[in-house]
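Please find below a colleague's note on the model, arranged as numbered points.

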Amino acid sequence: MSDTKKYEFKAEVKKLLDILVHSLYTSREIFLRELISNASDALDKVRFESTRGTAVADKDLPLEIKITFDEKAKVLTIADTGIGMSRDEIIANIGTIAKSGTEEFAKLIAEAKGDPSNIIGRFGVGFYSVFMVAKEVVIKTKSFKVDEPAIEWKSDGLGDYEITELNGKTTRGTTVEIHLKDDAGEFVQKWKLESTIKKHSNFITFPIILDKEKVNTVNAIWREPKSSVKKEQYDEFYKFLSYDSEEPMDVIHKAVDAPIQFNALLFIPKKSGEMFFYDRENYGLDLYVRRVLIQHKNKDLLPEYLSFVKGVVDSEDLPLNISRETLQENVVFSKIASSVTSNVLSYLIDKAKNDATAYAEFWKEHGKVFKLGYMDFVNQEKYMELLRFNSSSAKDEKELVSLADYSSRMKEGQKEIYYISGTNRDALAVDPHIEIFKNKGLEVLYLYDPVDEFVIQSIRKYKDFELKSVDNVDMKNLKDLKDVEEKKNEVAPLAKDDQKQFYSLLSKMKSILNDRVEDVVESKRLVDSPACLVSKDDSMSSQMKKILKMTKQDVGVEKKVLEVNPDHALVRNLVKVFKTDSNDEFILKVTEQLMDSALLQDGSLEDPHKLIKRLNEMMEQSSSWYVDLKKMN
Ligand code: ADP
Ligand code: MG
């Protein structure tokens, strides 16, 4: 034992171990799942090396996991014939955490009310869970590399570990010997081990041998005909694969034969993982070739916007010795990937058609991620069919509208699809920009989610209809569409002379606002409001500009056009004042106020103080008039 060397765990490992060693968790049994999963990964790796032709030590050893236990000594042993580890590898793999995210992990554990069972495996720190039950762990391991010596690693999980070179162990693989804590005696009982393996590790593709008996089902259920797989099996497999404790929302099981053969067994989870945002790398499908695992969490079989889909894909038509690095360039692989993607999209389209309520449930959970698919031009048609929005025709905030729904309700002569963006439905419903649309009975899509703007900008068109922001619509396109609502309190048009005065008033307003606006013009869109701001050109909507500004992109300051409603009572009064004295203070004040209100409504008022001061002054004045009028003095 002369060459025993002590090492210290890295700080982040210590922190993690501290959480695991000193807390009492209800589902400590998951340590077994994690160790078996590591053994299975190690077996996958050695099989992968040998199929690609690497020289592998003990190449005829059966690929399997053996579990033995000593009830008296309270020692549990998990042995695999996998890839093993060299000294450097064990230091790098167990002792440091390669992935960042321990911090997030600790936070999640705290939020999960102290039970890390479903989080730990997903974070790539599964091994350490053994210290929930162990007072000491001894690992004996021999790398698949022929010349690499076997080593022993030993630790009590408190702060350091030691490594010794072994002369005794010579066969390839890893043995993890667990000296159980006094209160973890159940893990040397056969029934407990067996039920735990069946519960968490049943679908491991290598035999798990407990006390000389194989305890798991080794069949690849994705290769079996759909008719022979029961719902419970799908559910169980899904839970195994995803660490989810619930059943999946959907199961998509496909066997494709031509032009390329593959089987896919895919699942849509009931709940969107907030995990996605913590851990964006943690997605992908498991890729098998002829039942042999080639890659865990392959990220090229599905685009990122479908990353909520879990599952496996297995093909006969890929070479077993394919390298993961060149997968993306492989034509067969690309064809499989595009077929998998289009299968998922078609499945969703059917789901939406057959069961709108179920689709709404799907949208609520996964819509946010799904919307990120606006760059998938290849599948854009299907993508567009699957999008959902709220709109002015919806009963409430929850109702969802598809572009197909919208287009089926379009008015005669309507050639565009209209949308407006903002923070919520209530605000959008009273936005002055949509007054004319209400008047003409035109539906307007309501976009609340910032990403919706990007979605709309990149799809641009649905069928023959362009998508248009209400503040960018060419009013000529609305002119020929009939009003549906009788205008309330219809006002007589301005007399000829007043009309002239009104235009002069607009010029006056322009001179007051000067270069803060592009122009001041008569409005053809306003019904209930006195004024609003519109973009002069057909460029980005103002919401889009706000988003770009937020991301610090220079969009320049765009001057807008102030539109004034000649039929509004306030404006009519202004005309009267203007006729009497075109330089009246009051005109100045009201113009400033209209401008600030319009900016506020647009979300681009930078400083509200002047607006509030002016408003208070005006209220003060009108309160005096009110008191006089009602003779309250
Ligand atoms: P993960 O499995 O997500 O990588 P773990 O904490 O479970 O995280 O394991 C850390 C690493 O230790 C593994 O990635 C692997 O490299 C190594 N390892 C663990 N168990 C074994 C084993 N039985 N055989 C070979 N390597 C192993
Ligand atoms: Mg692991």
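1. In helix H5 (residues 190-200), the buried residues are Lys192, Leu193, Thr196, Ile197 and His200. These buried residues lie within an arc of 125 degrees when H5 is viewed down its axis, so they line one face of the helix. Trp191 and Lys199, on the other side of H5, are exposed. Here buried means under 20% relative accessible area, exposed over 50%, and partly exposed in between (1.4 Å probe, protein chains only). The arc is that of the directions from the helix axis to the C-beta atoms. An α-helix has 3.6 residues a turn, so residues three or four places apart point the same way.

2. This is a predicted model, in which local features need pLDDT of at least 70 and side-chain atom pairs count only at pLDDT 80 or more, whereas totals for chains, interfaces and linings use all residues; side-chain values use heavy atoms, with hydrogens and water left out. Residues are numbered from 1 along each chain as its sequence is written, while chains are lettered from A and ligands numbered from 1 in the order in which they are written.

3. Against what do the buried residues of H5 pack? Their partners are helix H2 (30-51), strand S2 (65-70), strand S3 (75-80), strand S8 (208-210) and helix H6 (231-242). Contact means heavy atoms within 4.5 Å. Helices (H or I, at least four residues) and strands (E, at least two) are DSSP runs, numbered from the N terminus.

4. S2 pairs with S3 in the antiparallel sense over 6 bridges, and with S8 in the parallel sense over 3 bridges. Two strands pair if DSSP finds at least two bridges between them. Asp70 stands opposite Val75 in S3, and Lys66 stands opposite Ile209 in S8. The hairpin of S2 and S3 has 4 residues between the strands, and Lys74 takes a positive phi near 55 degrees in this hairpin.

5. These strands belong to an open sheet of 9 strands with mixed pairing, in the order S1-S6-S5-S4-S7-S3-S2-S8-S9. Strand S1 (5-8) and strand S9 (213-214) stand at its edges with a single partner strand each, so one side of each has no neighbour in the sheet. Within the sheet, strand S4 (residues 134-142) and strand S7 (residues 173-180) pair in the antiparallel sense over 8 bridges, with Lys142 opposite Gly173 in S7.

6. Strand S21 (residues 531-534) is covered on both faces: Ala531 and Leu533 on one side, and Cys532 and Val534 on the other, are all buried. In a regular strand the side chains alternate between the two faces of the sheet. S21 runs antiparallel to strand S22 (residues 560-564), to which 4 bridges join it; Ala531 stands opposite Val564 in S22.

7. The largest nonpolar core has 71 residues, of which Phe370 and Phe437 touch the most other members. Helix H8 (residues 331-354) gives the most to this core, with 9 residues. The core draws at least three residues from each of domain 2 (221-354) and domain 3 (387-478), the bounds coming from an automatic or database domain assignment. Another core, of 49 residues, lies apart from it and includes Leu20, Ile30, Ile65 and Tyr128. A nonpolar core is a set of buried Ala, Val, Leu, Ile, Met, Phe, Trp, Tyr and Cys residues joined through side-chain atoms within 4.5 Å.

8. Leaving aside neighbours within four places in sequence, Phe370 is in contact with Tyr305, Leu306, Phe308, Leu345, Leu348, Trp363, Tyr383 and Leu386.

9. Rings of Phe, Tyr and Trp (its six-membered ring) pair if their centres lie within 6.5 Å; planes under 30 degrees apart count as stacked, over 60 as edge-to-face and the rest as tilted. The count by this rule comes to 24 aromatic pairs. One of them, Tyr305 with Phe370, is edge-to-face, at 5.5 Å centre to centre and 75 degrees between the planes. This pair links distant parts of the chain, 65 residues apart: Tyr305 is in the loop between strand S13 (292-298) and strand S14 (310-315), and Phe370 is in helix H9 (residues 356-370). Tyr305 counts as buried at 5% relative accessibility, and Phe370 is buried with a relative accessible area of 0%.
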